[in-house]
Every structure is written in C-alpha cells, then in structure tokens.
Amino acid sequence: MASTRKQPVDFRKEEVEFVTKCWKSATSLSLVGIGSVGKSNLLQHLSDTDVQARYLGEFSGKLKTIVIDANMLGPLPAERDDPFRCWAGYELLMHRLFLAFFPLDVLPKEEAKGFYETYQALQDGSNPLFTYMALRYFELGLEYFMRHDISIVFLFDEFEELLRQLPVKFFQTLRGLRDLNKRRLSYVTLSRSPLPTLVERFGIPTLEIEPFVELFTDNTYYVGPYNEVDGRRMLDELVRRRQQAYPEPLNYALLEATGRYAGILRASFNVLEEFNGVDLARLPADQFAALLAGKPSVRSECMTIWTSLNRSEQHVLKAVARLTPYTVNPESELAVHMLVQKRILRFDKGGQRLEITPPILNQFVLSNPDPT
C-alpha cells in the first residue's frame, strides 16, 4: 500500500457507502479510477475493521475482506504454461485466505487442521497433478469457511496485472466458484480502466471471459477526486508532516487548482516553497495552475493520469484543448462519455463547452504531451 496511515472513519464516504451496500448483498463490483486518484488509500480504508463495523453493523462480524495484490504473484515461466499460471493464481488466493484467518480460530479444531492440510496440499509440487488439483484444493479451502456462514470478499488490486498474467480459464473458475457460493462470495476489482476496455486492450477473447465480466456490469463505480472534506483533511495532514503552513487564500487556490486529486495535491503542495517570494494567491487561476504544472514532480503525476487513458481519450482531451481537430464519431463520443465518468471532463453550462479538470491537468494537456 502507498500508506499505512489510518483515515477518519468517514473518509471517502460516498465510495464506501456504495461498496458496503454491494457487500451486504454479496454483489461483485468494479472500482475504476485513473492514476493519482488515491485508489490504494481507498482499498486500505475499505479493509479497516472499524470502517466495516461503521457501515455494515453486525454483518461486519461475518465478513472477511482479503486483498489480493497482483504484484505478489510469484515468478512465472516465460512461456505460456496455462495450468501452472492458474495454479499460481489459486496459490496466491489460498495463501492470502490462510493469512486472513490465521490462527484459524474461527474454525473448530479438526476443521482448522483439515484446512491447513488442504493449504499444504495445494502447494505440494511433488504431486504430478498439483496444477490440476489446485482448483479443487482452493474450492475445498473456501468451503471450510462458507459452511460457517462467513462471507468472503476478494479485493483485487492492480487488476490489470492479473488479467495480463493469468489465463482466461482462471477467471472462468472464479465465476464458477462465485456461482457455487452466491450468498457468501464476491469480488472487487480495482483498475484504471473499465473491465471491457482492459479485455479489448489485452486481446482477451470476449466470449470466453464474458461470464466473469458480467459479474460487474451493473456495479461499476468511477472513483473521483476527494470531496471537499477529505481534500481539506489531506491538506492539513501535509501541513502537519512538512511543518509548513500557508495563508488560507493560497490553500483554497491549491485545492481548486489540483481538483483535490490526491497525487497532484501532494506533489503541488511540496513544490510551493520553491516559489518563495511570489504571491501565488494573487495570480490568476490559470497562471497559478500553469506554474505548478511546469514542475517535474507535478508533471509526473499528470503523466500518470495521461498514460492511464487510451489513445481515443487522449485525442479528445487534445481536441478540447484545441490542439487537434475534433471529429464526432462513435469512438470519440464514447471517449467523451468515459472522460466525464472519470471526472476529467465536465460540461461548463455557462460557456456551453467541455472543460478539462482539474486546472493543472488542463495546463498539462495544453503543453501537448506526446506530440507525435
């Protein structure tokens, strides 16, 4: 995780309310957020038992959330050995399941012993059928907890990496396991793009992975920047950490220029001291945003957002910035829709035009990134 700092229980209130509502009904959901939006902090917050108790009440005592970090997959062979790659996926899930419930005191002694033996059997490479049997052992491992009316949610962080590394068959079996345990098993994916976009990007056969993607069709939530309360709290925390306070007009200008995007806000705050002697709060908003966007660390955060967009979305942003002509077609219309969902474009009713947000990102786009 990017940070281990415990957030206030009402942090990301809107997002947490949506997620926990899905958890109560064992519904899978997809969280989509561009780079720099603070997905890791949200994931850490959702895993907090105090937060779960606040939003789930008594149900939280029967729920276990298990974070699956794709970067924790072990080394995989260069050649596409699909059975082994599936085994690697089950092994990661089983290991995190074991750690989540250790020391297994939610199970009777004999069942705890049985689960541990199942956990070891899945990892027994001396069994010539170990790759094939991995699914069976993982299914059995889940059953030990399901029979005790425990609900399990697997939260897949960096889901793009899982899609890239693991075969379609792995995701088909996840759908099968969920169908066997509809009231007790669900999934949450965190990614920078919607699942159908990722499927197309990685060249995954749509019909083959469709049963898995269908789980998330009606429950995709686009994670936006911090709300005003969370943005102010983050700014206060930055002041505390760096022991550097600024006048309130500058604080307000900073929150407006960064749009309360976590990564951009952090980077921008850290470079304010470089403008010593300049009355930043008196600058026009676009000039203030341009000064910040010119700093390498702030530009790096903007580049993180930029590279998380597809080429059509990037082209639309350049067109909105009047760097390239805008052509109305189904592809560009879809890109506009996605950018609005991602809170990067908004419709300015007064000016009757599309506007890039936050202002710092607008200045970044005006600099014409990737001119080729």
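## Helices α16 and α17

Helices α16 and α17 are roughly perpendicular to each other, since angles of 65 to 115 degrees are counted in that class, and the two helices pack at an angle of about 85° with their axes 9 Å apart. The contact is formed by S312, E313, V316 and L317 on the α16 side, and by E331, S332, A335, V336, M338 and L339 on the α17 side. The structure described here is a predicted model.

Between α17 (330-341) and β6 (345-348) there is a loop that contains R343. R343 is not a glycine, yet its phi is positive, at about 65°. With a relative accessibility of 34%, R343 counts as partly exposed.

## Helices α15 and α18

The axes of α15 (residues 296-307) and α18 come within 10 Å and cross at roughly 85°, which makes α15 roughly perpendicular to α18. On α15 the residues that make this contact are V298, R299, C302, M303, I305 and W306, and on α18 they are I360, L361, F364 and V365.

Two of these residues, V298 and I360, are also touched by S268, a residue found in helix α13. S268 is buried, its relative accessible area being 0%, and its contacts, leaving out residues up to four places away in sequence, are L254, T258, L292, V298 and I360.

The peptide bond from T357 to P358 is cis, with omega near 0°. T357 has a relative accessible area of 13% and is therefore buried, given that the limit for this class is under 20%.

When neighbours within four places in sequence are left aside, T357 is in contact with R343, I344, L345 and R346.

The buried residues of α5 are E111, A112, G114, F115, T118, Y119 and L122. Because they cover an arc of only 160° around the axis, they are on the same side of α5. K109 and E110 are exposed on the other side of this helix, while what covers the buried residues of α5 includes α4 (82-101) and α6 (130-146).

P103 is placed in the loop between α4 and α5, and the peptide bond that runs from F102 to P103 is cis, with omega near 15°.

## Helix α1

For helix α1 (residues 13-24), the 12 residues should span 16 Å at 1.5 Å a residue, and the end C-alpha atoms, which are 16 Å apart, agree with that value. E15, V16, V19, T20, C22 and W23 are the buried residues of α1; they cover an arc of only 155° around the axis, so they are on the same side of α1. The exposed residues K21 and K24 are carried by the face of α1 that is turned away from its buried side. After α1 comes A26, whose phi is positive, near 55°.

In soluble globular proteins, nonpolar side chains tend to be buried together. The largest nonpolar core of this model has 64 residues, of which W23 and L31 touch the most other members. Helix α13 (residues 262-271) supplies the largest share of this core, six residues. Apart from it lies another core, of 53 residues, among them I66, L122, V199 and I209. L122 is also one of the buried residues of α5.

Not counting residues up to four places away in sequence, L31 touches V19, L42, L46, V188, T189, L190, S191, Y221 and V223.

## An exposed residue with positive phi

Q243 lies in the loop between α11 (228-242) and α12 (248-258). Although Q243 is not a glycine, its phi is positive, about 55°. At 66% relative accessibility Q243 counts as exposed, because that class takes in values over 50%.

Note on methods:
Residues numbered from 1 in each chain as written. Predicted model: local features only at pLDDT ≥ 70, side-chain atom pairs only at ≥ 80, totals over all residues. Heavy atoms only, no water. Buried < 20%, exposed > 50% of the residue type's maximum accessible area, 1.4 Å probe, protein only. Helix = DSSP H or I, 4+ residues; strand = E, 2+ residues; numbered from the N terminus. Arc of directions from axis to C-beta. Contact = heavy atoms within 4.5 Å. Core = buried A, V, L, I, M, F, W, Y, C linked by side-chain atoms within 4.5 Å. Axes fitted to C-alpha atoms, helices over the stretch in contact; angles between N-to-C directions. Parallel < 35°, antiparallel > 145°, perpendicular 65-115°, else oblique. Expected span 1.5 Å × (residues − 1).
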